[in-house]
Amino acid sequence: KARGGVVLFEHEGVFIHSNTEDSEEQDLLVSGFLRIIDKDGEIIVEYKPLEDTVDPSNMLCAGKDSSSVMEWAHCPGEERSPPQQAVVLEQQQSYETEWDMINAVSFPKRKPCSNGEGALNHTHEKSKWSFTFSVWDLRSVTVKEEGWSRLVFGMKEPPTSLPSLHFHQGGSEGFLDCLRRYTIITEAPDDETCLLVSTPNRALSQSFENLLDDNNYGLVTKLKKDPYVTTLGGFSKVTNYIFDAFRGPELEQQRRPHEEVADLDILGLGEVIPGLEINQQEEPGFEVITRMDLGARPEVTRREPLSAEDWAKHQDQEGRVKNVPQLKKIIFKGGLCHAVRKEAWKFLLGYYTWDSTYDERKGQQRRKTDEYFRMKLQWKSVSEEQERRNSRLRDCRSLIEKDVNRTDRTNRFYEGIDNPGLVLLHDVLMTYCMYDFDLGYVQGMSDLLSPILYVMDNEVDAFWCFVSFMDQMHQNFEEPMQGMKTQLIQLSTLLRLLDLAFWNYLESQDSGYLYFCFRWLLIRFKRELSYPDVLRLWEVMWTGLPCQNFHLLLCCAILDSEKRKIMEENYGFNEILKHINELSMKLDIEEILHKSEAICMQIRSCKELPHSISEILGFNTESEFPRLEGREFGTLDSPQSPIPTQRQVFSNGHNRHYREPPTHNGCKVAFIS
């Protein structure tokens, strides 16, 4: 362990040439050591000249038993005392103090300090060559061969300039090999000596850390300088996930003139999110959609939650659930009373099959319990020595422990210190890492587990229900982010159909791609609603009614309620983002569900519904999404319209450019904007 972290790579004998090649002054070789450090999950590169490595008077190191601290006595002009002569300090130090101590196992040889003013000046001269940076800020590494290897670091912030490092005693390959373990390094297409560095894991992790930070309003000032780039870079707590995870390391962040801000081609969204590039001519085979009249929005009704008595009536003597389509409609229309949730959620999430009997479910639960604890034992039985050699497990554990300590702490199930609910939350998430090695843990997943664990009050049942939920949400947390990109494109498509004037207004404010809805989609409104409302919304969505991607219509319903204020107040880019962000905990779930269902029925009743919209909402697979019929369930749906064969156009009167979103489930659509 180094100061605040674990040393992953260390090499002494790395030099800085104090003068440039053009300088006529004598070149001073500054010798030092180079480290790569894991500091709480962040990978740090650190260079320090030898005399600037430690406090010249003394230094502290952790004792062998990690319970005491040793003082390494050192006097000017004397060699450092060997570890055997170290003096154990009497006072015991805290865990945090030990973490900051310098390990005494393998200190490099240090040059002795001499007395006198000259030594102080010399130390000051060398200390200016020290530097530290996060690999997240590293854009490129240029490798020059001059009889030895010379590395030149290129940082993402253009003003940042670092001295070249000369590896006169070797070690450059070891440094780059270690760097490759924590970054993605690719050769620049136009320069084989330049290695481009990207860090998708760090971008992914940081984005979710920002997502969970409720005090992250410090970006408004940056927004005023360059709203679009700053928003993609970090506003609203999650949008840096989009920008950093997908931009190439060569993508420059340069401030653009105001008149160019709205030009998506200049912004380079084609590189950031493939499939959003602007096409100058119509692509054959893509449906072009026109402005169309959807007709009046129908009235809908909702009902009271399903009671425990009604739930029991839908089961036969052996425990099989009867009339499942009708039961789903009832749940969609009113949700469940809390007493029913613990059992009903297992069916809605697919942990239990609807036609299973009591005995079959008992047998399944025994098998699943055994399977769960076998997986739990895998990470429980990992020794400290093993974990020290398993960076992926360490990273997952670190993220989980950080998230658990701040997830729903105001809920009685998780509040207080040493709450058993927190232990269960931690254990289920750690076990999921054993279940899904490829995904592991990503910040934000604790938000999806928390309500499930709260309802189940049992780690085994909660785990398997969480597994089923993650099967639905998996693409939201994958680094390629194709699932999130597709949802944002589909949401923009639906909003254009429903309210072209509002979409045009958002587009005029550089908000047409609806990035401010990212958090809504990512964790299904978990941070936007009160806890009881989250439970109600999720069980309604799990019915699969009244259409596919119903959560997109929920977004449309919220935006529909806010559009008047946004447009009448003439909100600009900054104000739109701030306004949407401040809706958290102010939304009425019943009003949203009312409006979302009405929007679905309004779209379904359209006689010439574009094929792409039918694909998004699943109207082409009618058997999977039964209609809500009868007086008990509100207004009858209109018969499904045939898929139109004519080509139609959305037009907002701007230049006629075609934008081709990526395909999804065979759906292709192009727009004229």
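Modeller: A salt bridge here is a side-chain nitrogen of Lys or Arg within 4 Å of a carboxyl oxygen of Asp or Glu. The model is a predicted one, and by this rule it has 31 salt bridges. Side chains of opposite charge can pair when their charged atoms come close.

Start with the network: salt bridges link R297, D499, D560, K563 and K595. Within that group, K563 pairs with D499, and their closest N and O atoms are 2.3 Å apart. This pair joins distant parts of the chain, 64 residues apart: K563 is in helix α23 (residues 550-568), while D499 is in the loop between α19 (482-498) and α20 (500-508). D499 counts as buried because its relative accessible area, 17%, is under 20%. K563 has a relative accessible area of 23% and is partly exposed.

Helix α23 also holds a pair of its own, E568 and R564, which are 4 residues apart, about one turn of the helix. Their side chains form a salt bridge with an N to O distance of 3.9 Å. Both E568 and R564 are exposed.

Another salt bridge joins R35 and E10, with 2.9 Å between the closest N and O atoms. These two residues are 25 residues apart and link distant parts of the chain, with R35 in strand β2 (residues 29-39) and E10 in strand β1 (residues 6-17). R35 is buried, at 13% relative accessibility, whereas E10 is partly exposed, at 30%.

How values were computed: Residues are numbered from 1 along each chain as its sequence is written. This is a predicted model: local features need pLDDT of at least 70, side-chain atom pairs count only at pLDDT 80 or more; totals for chains, interfaces and linings use all residues. Side-chain values use heavy atoms; hydrogens and water are left out. Buried means under 20% relative accessible area, exposed over 50%, partly exposed in between (1.4 Å probe, protein chains only).
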